[in-house]
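Subject: Structure for you to look at

Hello,

Here is the structure we talked about. Please open it next to this email; my notes follow below.

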Amino acid sequence: NELLYGLRLQEDAQILNGDGVGENLLGILNTTGVQDYSWSSGAAGDTKADAIRRAATLAFLAYYEPTGVVLHPNDWEDIELTKDSQGQYLVAVSVAMGGEPKLWRIPIVETPAIAEGTALVGAFGTGAQLYDREQASIRISEQHSDFFVRNAIVVLAEQRLALAVKRPEAFVKINFDTAPA
């Protein structure tokens with residue numbers, strides 16, 4: 001279970017940040033043609049939530065309806081804890097059983113696989129496709145060198161997949177650089 005969990009975390013990191021070198025996927029954030037939006041270029045007083053809405057508009061203007069926002073947990077926390085002048089929270093996420101975190105009607109995915117200060121808005125089902133050639137597998141072997149004699153084993157967890165970002169303009173990378181003045 002721990003190996004499979006670690007493999008899923010690595011898969012998230014590759015889908016988002018892979019550099020395409022060697023056996024690495026070319027992640028969405030490193031794909032040429034992905035749109036950029038800097039928080040500092042927004043209107044004075046814009047919050048991180050405003051930056052996400054403005055990035056969603058860029059995806060809409062490219063004729064792609066955003067289906068998700070990927071955020072680092074610290075950035076999502078900043079958004080959820082933003083208050084108005086009366087101390088009221090601006091974003092209310094249902095804590096009821098099965099409540100799905102959304103912002104501007106778009107589902108939120110929290111993952112430490114994306115760098116803090118970066119977010120990704122996009123039409124994930126339309127803009128990219130993940131080809132899962134082989135489901136995750138775990139293999140155990142003691143048939144290497146002197147492993148049998150030393151009572152040692154090797155455990156390998158692997159998965160074979162490919163990522164095709166067919167419509168990079170369907171994605172907008174947000175840089176939460178500095179709040180606009």
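A salt bridge here is a side-chain nitrogen of Lys or Arg within 4 Å of a carboxyl oxygen of Asp or Glu. Some ground rules come next. This is a predicted model, in which local features need pLDDT of at least 70, side-chain atom pairs count only at pLDDT 80 or more, and totals for chains, interfaces and linings use all residues. Residues are numbered from 1 along each chain as its sequence is written, and side-chain values use heavy atoms, with hydrogens and water left out.

Salt bridges

The count comes to 4 salt bridges. Aspartate 78 bridges to lysine 48, with the closest N and O atoms 2.7 Å apart. Aspartate 78 lies in helix H3 and lysine 48 in helix H2, so this pair ties together parts 30 residues apart in sequence. Helices are DSSP runs of H or I with at least four residues, strands are runs of E with at least two, and both are numbered from the N terminus.

Aspartate 75 also forms a salt bridge with lysine 48; here the closest N and O atoms are 2.9 Å apart. That pair links distant parts of the chain too: aspartate 75 is in helix H3 (residues 73-80) and lysine 48 in helix H2, 27 residues apart. Together, Lys48, Asp75 and Asp78 are linked in a network of salt bridges.

How covered are these residues? Lysine 48 is buried, at 14% relative accessible area. Aspartate 75 is buried as well. Aspartate 78 is partly exposed, at 36%. The cut-offs: buried is under 20% relative accessible area, exposed is over 50%, and partly exposed is in between (1.4 Å probe, protein chains only).

Arginine 54 and aspartate 46 meet in another of the salt bridges, at 2.5 Å from N to O. Arginine 54 is partly exposed at 37%. Aspartate 46 is buried at 9%.

Aromatic residues

Lysine 48 comes up again here. Its charged end sits over the ring of phenylalanine 176, 5.1 Å from the ring centre. The rule asks for NZ of Lys or CZ of Arg within 6 Å of the ring centre and within 35 degrees of the ring normal.

Searching the whole structure gives 2 aromatic pairs. Tryptophan 39 and phenylalanine 176 have ring centres 5.9 Å apart and planes at 90°, so they pair edge-to-face. Tryptophan 39 sits in the loop between strand S1 (35-38) and helix H2 (48-61), and phenylalanine 176 in the segment after strand S8 (171-175), 137 residues apart. Tryptophan 39 is buried at 12%. Phenylalanine 176 is buried at 8%.

Phenylalanine 124 and phenylalanine 171 also pair edge-to-face, 5.2 Å centre to centre with 70° between the planes. Phenylalanine 124 is in helix H4 (residues 124-127) and phenylalanine 171 in strand S8, 47 residues apart. Phenylalanine 124 is partly exposed at 23%. Phenylalanine 171 is buried at 0%.

For pairs, rings of Phe, Tyr and Trp (its six-membered ring) need centres within 6.5 Å; planes under 30 degrees apart are stacked, over 60 edge-to-face, and the rest tilted.

Surface

Leu3, Ile138, Ile140, Ile153 and Val155 make a nonpolar surface patch of about 440 Å². Patches take residues with over 30% relative accessible area and no salt bridge; like charges join within 9 Å, nonpolar side chains (Val, Leu, Ile, Met, Phe, Trp, Tyr) within 5 Å. Areas come from the Shrake-Rupley method with a 1.4 Å probe; for residues, only the protein chains shown count as cover. Valine 155 is in strand S7 (residues 154-165) and is partly exposed at 40%.

Best wishes
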